[in-house]
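Please look over the sequence and the model below before reading on. The report that follows goes through confidence, overall form and one residue in turn.

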Amino acid sequence: MSWWRGVLAVLAAFVGIRRQQAAQQDGRLRPLQLIATALLLVAALISVLLLLVNWISH
């Protein structure tokens, strides 16, 4: 379950919105977990954008 909370915390940081209570709970997450999740989500976003551009340009 903490993996899912890490994903939600990173996605909220990408968007820039987070509730006060949820942000306080994020303090219990491990920094390494958040960094790894952020890197994976950024890689996924870049991959989706590259596939979209490739699909549109062909």
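## Confidence

In this predicted model, confidence is lowest in helix 2 (residues 20-26), with a mean pLDDT of 77, and highest in helix 3 (residues 31-57), with a mean of 95; pLDDT is the predictor's confidence in each residue, from 0 to 100. For the protein, the mean pLDDT is 88, and 98% of the residues reach 70 or more.

Because the model is predicted, local features need pLDDT of at least 70 and side-chain atom pairs count only at pLDDT 80 or more, while totals for chains, interfaces and linings use all residues. Residues are numbered from 1 along each chain as its sequence is written, and side-chain values use heavy atoms, with hydrogens and water left out.

## Overall form

The protein has three helices and zero strands, where helices (H or I, at least four residues) and strands (E, at least two) are DSSP runs numbered from the N terminus. With a radius of gyration of 14 Å, well over the 10 Å that the globule rule gives for 58 residues, the protein is more spread out than a compact globule; the radius is taken over C-alpha atoms, and the rule is 2.2 Å times the number of residues to the power 0.38. Along the principal axes, the C-alpha atoms fill a box of roughly 45 × 20 × 15 Å.

## Thr37

Thr37 lies in helix 3 and is buried, with a relative accessible area of 5%; buried means under 20%, exposed over 50%, and partly exposed in between (1.4 Å probe, protein chains only). Leaving aside residues up to four places away in sequence, Thr37 touches Gly6, Val7 and Val10, a contact being heavy atoms within 4.5 Å. Buried residues make up 16% of the 58 residues in the protein.
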